[in-house]
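Please read these notes with the model open beside you. Each point takes up one topic.

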Amino acid sequence: DTFKDGGLNTAGLIGRKIKFYYTESVDGVKTLVYIENRTDDAKVLTINALNIERVSGTFNSGVTVDYWADKDTDTRVTTIEIEKDPKIMFNGGATDNDSVSILKPETGYIELVDTNGDGKYDNVFITSYETYVIKSINSTNKTIVGQYTNKTLSLDDDSTNNIVTIKSVTGNTLSFSSLAKWNVLSVKAGRSGSREVIDVIVSTDVKSGSITAIDDFETISISNTQYKLSKFFLDIDKDKEDIELKIDDSGKFYLDKDGKIAAVDKTAVSTNYAYLLASNYRAGKLEFT
């Protein structure tokens with residue numbers, strides 16, 4: 001059956017068990033007046049994309065997801081199963097992508113619902129964000145070009161084909177004119193009927209300083225404070241001189257909505273340094289190698 005929402009907030013109820021009340025007019029129009037979410041919270045699991053370790057199997061045969069329930073303290077992954085041929089929604093709409101790789105978005109999360117209580121999840125909701133670091137802005141047609149990738153993104157909310165929302169990390173509504181070079185955009189793109197729906201989260205967080213340590217392949221210290229590198233930044237060709245990170249590099253480091261480094265605007269290494277391999281005291285002299 002089809003119902004008018006009656007002004008009720010129905011967001012987040014797809015795939016849920018609900019109890020609802022409605023009125024029906026003499027011409028058969030049904031309008032919702034109240035909705036009660038009756039889904040057991042224990043049957044809903046939300047996993048941050050950054051915590052997903054591996055995904056195996058196929059949607060036709062069943063999928064296994066290994067993830068870190070607490071990435072900072074866990075010593076082993078938690079494993080859950082997704083039912084064969086689950087219902088899948090990607091960024092709010094149906095998808096014909098049957099690759100399990102969509103369960104590991106660049107950044108975002110997956111929400112799983114076990115509707116029949118058999119211990120396997122049969123409804124899958126994927127929220128996926130793509131990262132853009134603004135290189136240039138065209139205010140006339142409301143497009144931006146990304147650093148490193150040169151990909152173009154249209155944020156033209158004047159078009160009747162688009163529904164565009166732009167918000168800060170804290171949830172405040174922003175206008176296109178407020179965007180600036182080096183802003184880090186997390187972009188969720190989906191569809192609502194024939195219209196494209198684009199939700200943008202803008203991070204303006206920037207850290208200035210010099211690299212005091214490269215702790216591992218995805219962690220560096222800026223002025224002795226540790227920061228993770230985003231998957232977006234890690235996937236960039238590191239042979240490019242302007243983003244190759246070295247000890248004592250200084251500049252500005254731009255963070256995404258998750259507080260991870262997505263871009264760097266650095267100056268050249270300002271100091272010389274060497275590695276001490278050995279020392280030796282000989283004939284009254286201290287020698288270093």
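1. **V197 and its strand.** V197 sits in strand β14, which covers residues 195-203. Strands are DSSP runs of E with at least two residues, helices are runs of H or I with at least four, and both are numbered from the N terminus. V197 touches I163, K188, A189, G190, R191 and S192, when residues up to four places away in sequence are not counted. Contact here means heavy atoms within 4.5 Å. V164 is 33 residues from V197 along the chain, yet their C-alpha atoms are separated by 6.0 Å.

2. **What kind of model this is.** This is a predicted model: local features need pLDDT of at least 70, side-chain atom pairs count only at pLDDT 80 or more, and totals for chains, interfaces and linings use all residues. Residues are numbered from 1 along each chain as its sequence is written, and side-chain values use heavy atoms, with hydrogens and water left out.

3. **Overall form.** What is its radius of gyration, and what would a compact globule of 289 residues have? The protein has 25 Å, while the globule would have a value near 19 Å. The radius is taken over C-alpha atoms, and the globule rule is 2.2 Å times the number of residues to the power 0.38.

4. Of the 289 residues, 36% count as buried. Buried means under 20% relative accessible area, exposed means over 50%, and partly exposed is in between (1.4 Å probe, protein chains only). The protein exposes about 17,000 Å², and carbon and sulfur atoms supply 46% of that area. Accessible areas come from the Shrake-Rupley method with a 1.4 Å probe; for residues, only the protein chains shown count as cover. Take the contacts with a separation of 6 or more: residues 24 or more positions apart account for 50% of them.

5. **Charges.** There are 34 positive and 44 negative side chains. The centres of the two sets lie 1 Å apart. Lys and Arg count as positive, Asp and Glu as negative; His and the chain ends are not counted. Each charge is placed at NZ of Lys, CZ of Arg, CG of Asp or CD of Glu.

6. **K266.** Look at strand β19, residues 261-267, for K266. Which side chain does the side chain of K266 join in a polar contact of 2.9 Å? The partner is D249. A polar contact is a pair of N or O atoms within 3.5 Å; within protein, one must be able to donate a hydrogen and the other to accept it, and residues adjacent in sequence count only if both atoms are side-chain atoms. A polar atom of the K266 side chain also lies 2.3 Å from the backbone oxygen of E244.

7. **R16.** R16 belongs to the segment before β1 (18-24). Buried or exposed? R16 is buried, because its relative accessible area is 15%. The side chains of R16 and E111 make a polar contact at 3.2 Å. Beyond four places in sequence, R16 touches N37, T39, V44, E111, V113 and F125.

8. **I80.** This residue lies in strand β6 (residues 78-90). With a relative accessible area of 10%, I80 is buried. Its contacts outside four places in sequence include L45, V63 and Y121. I80 and G119 are 39 residues apart along the chain, and their C-alpha atoms are separated by 8.6 Å.

9. **Two positive phi angles.** Most residues other than glycine have a negative phi. N91 is not a glycine, but has a positive phi of about 50°. N91 lies in the loop between β6 and β7 (93-94), and counts as buried at 9% relative accessibility. W182 also has a positive phi, near 80°. W182 is in the loop between β12 (162-168) and β13 (184-192). W182 counts as buried at 15% relative accessibility.

10. **K104.** K104 is in the loop between β7 and β8 (107-113). K104 counts as partly exposed because its relative accessibility is 38%. The K104 side chain reaches the backbone oxygen of E53 at 3.3 Å. Leaving aside neighbours within four places in sequence, K104 is in contact with I52, E53 and V55.
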